[in-house]
Amino acid sequence: MSGDGEESQSDMSKEADSEAGGPNWRGCSIDEIYRNLSPFELDHVAPVKPSENHTVLYHCPIKEDDNAAPKPLKGHPKWDAHHVRLPCSEKSQYPVVADDGSSTIENRWEMIEKALLRPINTSQELQTAILSYNTKYKDQWEFRALHKLFGEELDETEAETFFEELLPRIIRLALRLPELVQAPIPLLKQGKCQALTLSQEQVSCLLANAFLCTFPRRNTMKKKSEYSTFPDINFNRLFQSTEARVMEKIKCICHYFRRVCPKEQDRSNVPTGCVTFERRFMHHSEMPNWSECLIPLGVTPLHITSDGTIEDQGFGLLQVDFANKYLGGGVLSTGCVQEEIRFVICPELLISKLFTEVLRPTEALVMVGCERYSNYTGYARSFHWDSNHQDCTPRDNSRRRMTHIVAIDALAFMESNHQYREELMLRELNKAYVGFFHSLSTPAPGVASGNWGCGAFGGEATLKALLQLMVCTVTSRPLVYFTFGNIELRDQVHKMHTYFIENNVLVKDLWNVLRKFYGHQLETKELYRYLYTELNRLKHSLPDVSATTSTRRELEHRQNTYLHNGASLTSDSETEAVLIAAANKVSEQLATKTERVKSNDKDDENEYSSRAGAGPLAKPKFKQRTLLEMLDKAYTQNGPVTKKPCTTSRLEMNIN
């Protein structure tokens, strides 16, 4: 189960909005999100360049023609705790028990080849073949989904086509593993900034092995097992459920293989691009001081819409994956919400599960270049594979599709009011900051997001929208927010953002008010009503000279940034004038008032003074870690998560 968004409302709500007149979006235009440039004109990341912290599994630079896959890089095989244990390794061995009870140790890859090269004409024979090199699970695995799909769902001709044509192609591709992956694959572990780039052909080969359940030591869920802090990768769990959505996911994956597996005499369909997976880790000391941030929220362009989806309308933007901390969540079981759907329509994302350790609170995974292969309808239980998707996204100079996805996992709340605790809101802010962070010298592309962690994880979209807006403001990124049919949320957030513009609300203003809401929930249960009241109260208190001067300078600087190449700051020039007028108004107040307005609440004033200059971790660390670890247990997979020492600073890293 992923930290999913909410399901779309009925078409009636959309029709009602259309009949009321006007578009289904609010805020600035989408052209302003792109700064009046083409959607793919701004850079997200640097070109691929091998380094100590960036492993490239093919020869780089690529010398082959664009219509040929990159040549695999040769390396020394490794069979250790820091690299993926490949099934084709000579050290991959498996105990075999003979009929007379005697036991021998055999090379597992030879067992795999022997099993898969025999004729396989039914789902039962496929199950038998897979269990022959997974004998430990012969009494546990029952591939009910495959039996139902090929025995009941598909007609006889379709089933025959799979076993006579597609499955042999999948097997041939899987057995090319020693040829296509000749260098060790590093595990992207906790506490390290590290990247991995593979060719799409290499990814397809690894996924074919996952489909056939060949990866060793990846089947147990025991807490003390070697890969207990990694997602599952073999497809055995997916094959066992008979739910309709599971069979639809299998259709998506089979369609992917139909697209990428070469035919016996024709390799023209083999993908020739590349994909990068970058694990980001940041120390708490690198996080912004949210309580002292003087950037106006109004400088961040916001386009909020009740129509569309991140994957369909977020092209050219940093697209947010509402992730589980175990990448992919329940994609290889019954889960079928935002993250799981994205992973099956873009199956190359699935390979991240092979090497990405569970994400910690200040970590994210950026995935660049994954191609989309399927269209779909529905959501969750109503999900259905629909048709082929032809991905026309252009490639960068490193042959990667210019699709940039960031996986950030939200907290799961058993009680919804807990999410307003200061330390937990801080965790979400910092998590999003790690994902949205960039070190670009050019303007950063915008973020395409939505109701992050607001489905099964119990998050409130009204809060998550504001937290993501704060992070976009600090990272100088425009925000496109998809409410997935929720018109009321669209208008609420737009109204709040307009209030921020008209009243020159700073990041620190919103944060200092937000963090007090938890103690006022019994008095004011509605977050936005509380924010309007408290921010209005704050507006009438006069900021000090230094803060106002810094604010004006920051406003002017950020305006210049967002006006890059002629793009306007907001949807019309009048709103831009409001921002400047708001800053001028503050200066006028400073000139006419000589004394600060004294606070009626001395306790709050003393608390504010005591926090001045303190970082976002001013509260005791022990309390925060305890609460976060408690909430971590709400995820669908539980395992001992040991904190790894940071061996590489983000600033020392050279992810190219």
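Strands are DSSP runs of E with at least two residues, helices are runs of H or I with at least four, and both are numbered from the N terminus. The model shown in every view is predicted.

**Overview of the protein chain.** The chain has 656 residues, of which 57% are buried. Its secondary structure consists of 21 helices and 14 strands. Of the contacts between residues at least 6 apart in sequence, 79% join residues at least 24 apart.

**The cis peptide bond between Cys60 and Pro61.** Omega for the bond leading from Cys60 into Pro61 is near 10°, and the bond is cis. Most peptide bonds are trans. Pro61 sits in the loop that runs between strand E2 (54–56) and strand E3 (93–97).

**Pro47, in the loop between helix H2 (30–33) and E2.** Pro47 is exposed, because its relative accessibility is 52% and the cut-off for exposed is over 50%. The C-alpha atoms of Pro47 and Asn397 are 6.8 Å apart, although 350 residues separate the two in sequence.

**The packing of helix H6 (residues 156–174) against helix H8 (residues 200–211).** The two helices pack at an angle of about 115°, and their axes are 7 Å apart. The crossing of H6 past H8 is left-handed. On the H6 side the contact is made by Phe162, Leu167, Ile170, Leu173 and Ala174, and on the H8 side by Ser204, Cys205, Ala208, Asn209 and Phe211.

**Phe211 and the largest nonpolar core.** This core has 97 residues, and Phe211 is among those with the most contacts inside it, together with Leu206, Leu212, Phe257, Phe277 and Phe355. Leaving out residues up to four places away in sequence, Phe211 touches Ile130, Phe162, Leu167, Ile170, Phe235, Phe239, Ile253 and Phe257. Another core, of 69 residues, lies apart from the largest one and includes Met282, Ile304, Phe437 and Val513. In soluble globular proteins, nonpolar side chains tend to be buried together.

**Cys213, a residue other than glycine with a positive phi.** Phi of Cys213 is about 60°. Most residues other than glycine have a negative phi. Cys213 belongs to the loop between H8 and helix H9 (244–260). Its relative accessibility is 0%, so Cys213 counts as buried.

**Arg399, also not a glycine and with a positive phi.** Here phi is about 70°. Arg399 is part of the loop between strand E11 (384–388) and strand E12 (404–409). The relative accessible area of Arg399 is 9%, so the residue is buried.

**Helix H11 (residues 338–345) and its cover.** H11 is mostly covered, with eight of its eight residues buried. The buried residues are Gln338, Glu339, Glu340, Ile341, Arg342, Phe343, Val344 and Ile345. The elements that cover them include the helices H9, H10 (310–313) and H12, as well as the strands E8 (318–323), E10 (374–377) and E12.

**Leu359, in the loop between helix H12 (352–355) and strand E9 (363–368).** Leu359 has a relative accessible area of 1% and is therefore buried. Apart from neighbours within four places in sequence, Leu359 is in contact with Arg279, Lys325, Leu327, Ala364, Ala407, Asp409 and Lys431. Arg280 is 79 residues from Leu359 along the chain, and the C-alpha atoms of the two are separated by 9.5 Å.

**The packing of helix H14 (residues 461–474) against helix H17 (residues 527–539).** The angle between these helices is about 50° and their axes are 9 Å apart. H14 is therefore oblique to H17. Thr462, Leu463 and Leu466 of H14 make the contact with Leu527, Tyr528 and Leu531 of H17. By class, five of the contact residues are nonpolar, one is polar and none is charged.

**Helix H16 (residues 507–514), a mostly covered helix.** Eight of the eight residues of H16 are buried. They are Val507, Lys508, Asp509, Leu510, Trp511, Asn512, Val513 and Leu514.

Technical notes: Residues numbered from 1 in each chain as written. Predicted model: local features only at pLDDT ≥ 70, side-chain atom pairs only at ≥ 80, totals over all residues. Heavy atoms only, no water. Axes fitted to C-alpha atoms, helices over the stretch in contact; angles between N-to-C directions. Parallel < 35°, antiparallel > 145°, perpendicular 65-115°, else oblique. Contact = heavy atoms within 4.5 Å. Nonpolar A, V, L, I, M, F, W, Y, C, P; charged D, E, K, R; others polar. Left-handed = near helix turned anticlockwise from the far one by under 90°. Buried < 20%, exposed > 50% of the residue type's maximum accessible area, 1.4 Å probe, protein only. Core = buried A, V, L, I, M, F, W, Y, C linked by side-chain atoms within 4.5 Å.
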